[in-house]
Amino acid sequence: MKKFKFRLEPLKKIKEHVEKQRQKEHAVAVQKVISQQARLAELERARLGVMTTQRDRQGQAVSVSAMELLSYSRYYLKLKRDRITGVEILRGLEADAEGKRQRLVEASRQRKIYDKLKERQV
């Protein structure tokens with residue numbers, strides 16, 4: 001009996017390779033999203049830490065200098081700007097990750113087409 005040879009095997013291999021590339025691209029994009037979320041969480045922890053420090057200093061001191069309050073205020077504004085920028089970056093990264101996920105889904109769909117063709121020919 002003659003051994004079965006799937007004529008479209010080279011195409012199937014290419015589709016599998018493309019799918020693996022898309023998986024790697026998607027994984028990198030998701031990792032960037034997670035990293036940006038961690039940066040935002042770190043900004044929030046820094047803000048809460050400074051707020052706690054400021055409250056402690058104001059509770060212990062009889063008088064608080066205007067310069068100290070001004071420096072806290074400026075630092076809060078810097079953290080707020082950083083947070084706003086970080087959120088915009090996160091939105092862009094999430095959109096990119098979603099686009100790469102869609103490309104991965106399409107590559108997976110293309111590979112499955114060749115898998116089904118091979119099954120039907122066997």
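Is R111 buried or exposed? R111 is buried, with a relative accessible area of 17%, where buried stands for under 20% relative accessible area, exposed for over 50% and partly exposed for what lies in between, computed with a 1.4 Å probe on protein chains only.

## Basis of the model

This is a predicted model, in which local features need pLDDT of at least 70 and side-chain atom pairs count only at pLDDT 80 or more, while totals for chains, interfaces and linings use all residues. Residues are numbered from 1 along each chain as its sequence is written, and side-chain values use heavy atoms, with hydrogens and water left out.

## Overall form

The protein chain has two helices and zero strands, both being DSSP runs numbered from the N terminus (helices are H or I, at least four residues; strands are E, at least two). The radius of gyration of the protein chain is 27 Å, well over the 14 Å that the globule rule gives for 122 residues, so the chain is more spread out than a compact globule; the radius is taken over C-alpha atoms, and the rule is 2.2 Å times the number of residues to the power 0.38. Taken along the principal axes, the C-alpha atoms fill a box of roughly 95 × 20 × 15 Å.

Buried residues make up 20% of the 122 residues in the protein chain. Of the contacts with a separation of 6 or more, 85% are between residues 24 or more positions apart, a contact being heavy atoms within 4.5 Å.

The 52 residues of helix 1 should span 76 Å at 1.5 Å a residue, and its end C-alpha atoms are 76 Å apart, which agrees; the expected span is 1.5 Å times one less than the number of residues. Helix 2 has 56 residues and reaches 82 Å from its first C-alpha to its last, close to the 82 Å expected at 1.5 Å a residue.

The buried residues of helix 1 pack against helix 2, and those of helix 2 pack against helix 1. On helix 1 the buried residues include R22, H26, V50 and Q54, while on helix 2 they include Y72, L79, L104 and Y114.

Leaving aside neighbours within four places in sequence, L93 is in contact with K32, V33 and Q36.

Q36 is found in helix 1 and is buried, with a relative accessible area of 5%. Leaving aside neighbours within four places in sequence, Q36 is in contact with G86, I89, L90 and L93, and its side chain makes a polar contact with the side chain of R39 (2.9 Å). A polar contact is a pair of N or O atoms within 3.5 Å; within protein, one must be able to donate a hydrogen and the other to accept it, and residues adjacent in sequence count only if both atoms are side-chain atoms. Q60 also lies in helix 1 but counts as exposed, at 69% relative accessibility; Q60 and Q36 are 24 residues apart in sequence and 36 Å apart in space, C-alpha to C-alpha.

## Salt bridges

The structure holds 15 salt bridges, each defined as a side-chain nitrogen of Lys or Arg within 4 Å of a carboxyl oxygen of Asp or Glu. One of them joins the side chains of K118 and E9 (3.3 Å, N to O); K118 lies in helix 2 and E9 in helix 1, so the pair ties together parts that are 109 residues apart in sequence. K118 is partly exposed, with a relative accessible area of 26%, whereas E9, at 19% relative accessibility, counts as buried.

Within helix 2, R111 forms a salt bridge with D115, the closest N and O atoms being 2.5 Å apart, and these two residues are four residues apart, about one turn of the helix. Salt bridges that share partners join K12, E16, E19, R111 and D115 into one network. The side chains of R109 and E106 also meet in a salt bridge (2.9 Å, N to O), and R109 and E106 are three residues apart in helix 2, separated by about one helical turn. R109 counts as partly exposed at 46% relative accessibility, and E106 counts as partly exposed at 34%.
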